[in-house]
Amino acid sequence: MDLADGHIAALRKLFDDPKIGCTAYNLGTGRGTSVLEMVTAFEKASGKKIPIKLCPRRLGDATAVYASTEKAEKELGWKAKYGVEEMCRDQWNWANNNPWGYQKKR
């Protein structure tokens with residue numbers, strides 16, 4: 001839902017200022033999420049246990065990755081309203097209701 005709202009905000013900006021050109025906005029929470037946090041959130045959303053295998057960190061793995069959303073907040077008036085649990089819930093619900101994605105069942 002947040003991502004859809006962010007895209008709508010970007011389209012509004014484009015229509016309000018057609019000279020904007022090509023610019024990028026980070027449409028996230030501005031907070032990082034660990035793999036284990038994501039697994040836990042999907043398990044909660046789906047009601048299913050996700051099998052995992054804990055392994056040592058690989059050479060070159062980033063310790064944290066996240067982006068600033070300040071530009072989207074300032075220029076688009078957009079800020080994420082939901083957290084990772086709500087995002088996983090919404091994705092799980094959509095996938096369950098649309099098992100063939102945007103295509104119709106043949």
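# Contacts and exposure in a predicted model

Me: Is cysteine 55 buried or exposed?

Reply: Cysteine 55 is exposed, as its relative accessible area is 51%. Please keep in mind that this structure is a predicted model.

Me: Why does 51% put cysteine 55 in that class?

Reply: A residue is called exposed when its relative accessible area is over 50%. Cysteine 55 has 51%, and therefore it is placed in the exposed class.

Me: And cysteine 22, buried or exposed?

Reply: Cysteine 22 counts as exposed, with a relative accessibility of 82%.

Me: How many disulfides are there, then?

Reply: The structure contains 0 disulfides.

Me: Moving on to charges. How many salt bridges are there?

Reply: The count is 6 salt bridges. One of them joins aspartate 5 to lysine 81, with 3.3 Å between the closest N and O atoms.

Me: Where do aspartate 5 and lysine 81 sit along the chain?

Reply: Aspartate 5 belongs to helix α1, which covers residues 2-16, while lysine 81 is in the loop between α3 (70-76) and α4.

Me: How exposed are aspartate 5 and lysine 81?

Reply: Aspartate 5 is partly exposed, at 28% relative accessible area. Lysine 81 is exposed, at 60%.

Me: Which residue does lysine 74 form a salt bridge with?

Reply: Lysine 74 forms a salt bridge with glutamate 70, and their closest N and O atoms are 3.0 Å apart.

Me: How are lysine 74 and glutamate 70 placed in the helix?

Reply: Both residues are in helix α3, 4 residues apart, which means that about one helical turn separates them. Lysine 74 is exposed, with 64% relative accessible area, whereas glutamate 70 is partly exposed, with 45%.

Me: How far is lysine 74 from histidine 7?

Reply: Their C-alpha atoms are separated by 15 Å, and the two residues are 67 residues apart along the chain.

Me: What about aspartate 90, which residue does it pair with?

Reply: Aspartate 90 forms a salt bridge with arginine 89, and the closest N and O atoms are 3.0 Å apart. Aspartate 90 counts as partly exposed at 22% relative accessibility. Arginine 89 is also partly exposed, with a relative accessible area of 38%.

Me: Now the rings. How many aromatic pairs are there?

Reply: The count is 1 aromatic pair. The partners are tryptophan 94 and tyrosine 102, whose ring centres are 5.1 Å apart.

Me: What kind of pair do tryptophan 94 and tyrosine 102 make?

Reply: The planes of the two rings meet at 50°, so the pair is described as tilted.

Me: How accessible are tryptophan 94 and tyrosine 102?

Reply: Tryptophan 94 is partly exposed, at 36% relative accessibility. Tyrosine 102 is exposed, at 79%.

Me: Which residue lies over the face of tyrosine 25?

Reply: That residue is lysine 71, at 5.0 Å from the ring centre of tyrosine 25.

Me: Back to the surface. Which residues form a nonpolar patch there?

Reply: Met1, Tyr82 and Met87 form such a patch, and together they have about 310 Å² of accessible area.

Me: Where is methionine 87, and how exposed is it?

Reply: Methionine 87 is located in helix α4, which spans residues 84-97. Methionine 87 counts as partly exposed, with 38% relative accessibility.

Me: And the loops. Where is isoleucine 50?

Reply: Isoleucine 50 lies in the loop between α2 and α3. Isoleucine 50 is partly exposed, with a relative accessible area of 28%.

Me: How far is isoleucine 50 from valine 39?

Reply: They are 6.9 Å apart in space, C-alpha to C-alpha, and 11 residues apart in sequence.

Me: Where does alanine 64 sit?

Reply: Alanine 64 is in the loop between α2 (35-46) and α3. At 52% relative accessibility, alanine 64 counts as exposed.

Me: How far is alanine 64 from valine 35?

Reply: The C-alpha atoms of alanine 64 and valine 35 are 11 Å apart, and in sequence the two are 29 residues apart.

How values were computed. Residues numbered from 1 in each chain as written. Predicted model: local features only at pLDDT ≥ 70, side-chain atom pairs only at ≥ 80, totals over all residues. Heavy atoms only, no water. Patch = residues over 30% accessible without salt bridge, like charges linked within 9 Å, V, L, I, M, F, W, Y side chains within 5 Å. Areas by Shrake-Rupley, 256 points an atom, 1.4 Å probe, with all protein chains shown as cover. Salt bridge = Lys/Arg side-chain N within 4 Å of Asp/Glu carboxyl O. Helix = DSSP H or I, 4+ residues; strand = E, 2+ residues; numbered from the N terminus. Buried < 20%, exposed > 50% of the residue type's maximum accessible area, 1.4 Å probe, protein only. Disulfide = S-S within 2.5 Å. Phe/Tyr/Trp six-rings, centres within 6.5 Å; stacked < 30°, edge-to-face > 60°. Lys NZ or Arg CZ within 6 Å of the ring centre and 35° of its normal.
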